[in-house]
Amino acid sequence: MILALDSVFEHCSVALLANNGDIVFQQTLLGNRKQTQQILPMINAGLQQTGITLSELTAIAFNRGPGAFSGIRINTAVAQALSFAHDIPCLPISSLQAIAQTAYQTTGLTQLYAVIDARMSQVYLAEFALADDSSTVMQLQHQEQLVDYYQSTKQALPLVGNGANLLSTFDNQIVINDIIPNAVTIGLLGLDLWQQGQSVCAKNALPVYLRHHAWKTLSEQQSMKN
């Protein structure tokens with residue numbers, strides 16, 4: 001049984017998936033201002049409704065970013081805490097891969113750029129594609145990047161995600177802004193990692209921000225004032 005968590009996008013989402021991919025529980029609450037208060041009660045609700053205990057979990061899949069910094073921290077902290085307390089492996093999932101996977105499942109696109117608005121006039125960007133005709137999981141083709149607004153991509157592949165309209169486009173390049181994954185997608189991608197033996201322990205269940213030094217320590221903030 002996989003517990004899946006996502007607080008990186010504009011919602012708080014929790015799901016429980018059986019090891020064969022069946023969805024046992026899912027709940028998504030829109031808005032991102034109460035995620036800290038929402039996520040633990042949502043997890044408890046899922047466990048109570050299904051009768052599943054934490055000791056029965058195979059792994060915890062969580063959105064490790066990039067994306068909203070507060071959402072990444074909440075997601076990662078909860079996954080790490082449950083992992084430490086109950087000795088449950090973790091499955092860190094890229095938010096960009098989740099967008100690509102959702103786009104594939106909803107539109108049939110098999111090669112694309114996933115794009116998230118990173119604010120500060122930049123976007124998070126990565127190319128994804130199916131490995132072959134028999135594959136159903138979108139895989140990263142090159143490293144995830146942080147790029148400036150209005151840059152052009154190397155290829156005229158579809159741009160998908162809430163930052164898609166913030167890049168310059170080629171003629172007839174497809175732009176889809178309204179692809180928003182939830183915890184079910186995180187869980188399905190986590191299940192694929194689990195089947196490949198790619199789980200990690202709590203201390204290695206780390207967030208990915210891409211933007212370095214975006215959050216300064218108190219001493220660094222004070223030194224900038226002086």
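This note goes through a predicted model point by point.

1. **Strand S7, burial.** Start with strand S7, residues 122–130. Here 9 of the 9 residues are buried, so the strand is largely enclosed by the rest of the structure. In a regular strand the side chains alternate between the two faces of the sheet. Both faces of S7 are covered. One side carries Gln122, Tyr124, Ala126, Phe128 and Leu130, all buried.

2. **Strand S7, partners.** The link to strand S6 (residues 111–119) is antiparallel and has 8 bridges. Within it, Val115 has Leu125 of S7 as its bridge partner. S7 and S9 are also antiparallel, with 4 bridges. There Val123 stands opposite Val147 of S9. S7 and S8 pair over 3 bridges, again in the antiparallel sense. Phe128 has Leu140 in S8 as its bridge partner.

3. **The S6–S7 turn.** S6 and S7 make a hairpin, with 2 residues between the strands. Met120 sits in the turn and has a positive phi of about 50°.

4. **Salt bridges.** How many salt bridges does the count give? It comes to 2. One joins the side chains of Glu144 and Arg64, at 3.1 Å from N to O. Glu144 lies in the loop between strand S8 (138–140) and strand S9 (145–148), and Arg64 lies in strand S4 (residues 59–65), so the pair ties together parts that are 80 residues apart in sequence. Glu144 counts as buried, because its relative accessibility is 13% and buried means under 20%. Arg64 is buried as well, with a relative accessible area of 16%. The other salt bridge joins the side chains of Asp117 and Arg119, at 3.1 Å from N to O. Asp117 is buried, with a relative accessible area of 16%. Arg119, at 54% relative accessibility, counts as exposed.

5. **Nonpolar cores.** The largest nonpolar core has 22 residues. Leu3, Leu5, Val14, Ile39 and Ile43 touch the most other members. The elements giving two or more residues to this core are strand S1 (2–6), strand S2 (11–17), helix H1 (35–50), S4 and helix H2 (69–86). A second, separate core has 19 residues. Its members include Leu109, Ala114, Phe128 and Ile176.

6. **Ser13.** This residue lies in strand S2. Is Ser13 buried or exposed? Ser13 counts as buried, at 1% relative accessibility. Its side chain makes a polar contact with the side chain of Thr28, at 2.8 Å. A polar atom of the Ser13 side chain also lies 2.9 Å from the backbone nitrogen of Ala183. Leaving aside neighbours within four places in sequence, Ser13 is in contact with Ala4, Leu5, Asp6, Gln27, Thr28, Met42, Asn182 and Ala183. Leu5 is one of the residues that touch the most other members of the largest core.

7. **Ile180.** Ile180 sits in the loop between strand S11 (175–176) and helix H4 (183–195). At 54% relative accessibility, Ile180 counts as exposed, since the cut-off for exposed is over 50%. Residues up to four places away in sequence aside, Ile180 touches Phe9, His11 and Thr102. Thr102 is one of the buried residues in H3. Ile180 and Ala61 are 119 residues apart in sequence. Their C-alpha atoms are 17 Å apart in space.

8. **Helix H3.** H3 covers residues 95–107. At 1.5 Å a residue, its 13 residues should span 18 Å, and the end C-alpha atoms are 18 Å apart, which agrees. Ser94 caps the N-terminal end of H3. A side-chain oxygen of Ser94 lies 3.1 Å from the backbone nitrogen of Leu96. What follows H3? Gly108 does, and its phi is positive, near 85°. Buried residues in H3 are Ser95, Leu96, Gln97, Ala98, Ile99, Ala100, Gln101, Thr102 and Ala103.

Terms used:
Residues are numbered from 1 along each chain as its sequence is written. This is a predicted model: local features need pLDDT of at least 70, side-chain atom pairs count only at pLDDT 80 or more; totals for chains, interfaces and linings use all residues. Side-chain values use heavy atoms; hydrogens and water are left out. The expected span of a helix is 1.5 Å times one less than its number of residues. Buried means under 20% relative accessible area, exposed over 50%, partly exposed in between (1.4 Å probe, protein chains only). A polar contact is a pair of N or O atoms within 3.5 Å; within protein, one must be able to donate a hydrogen and the other to accept it, and residues adjacent in sequence count only if both atoms are side-chain atoms. Contact means heavy atoms within 4.5 Å. A salt bridge is a side-chain nitrogen of Lys or Arg within 4 Å of a carboxyl oxygen of Asp or Glu. A nonpolar core is a set of buried Ala, Val, Leu, Ile, Met, Phe, Trp, Tyr and Cys residues joined through side-chain atoms within 4.5 Å. Two strands pair if DSSP finds at least two bridges between them.
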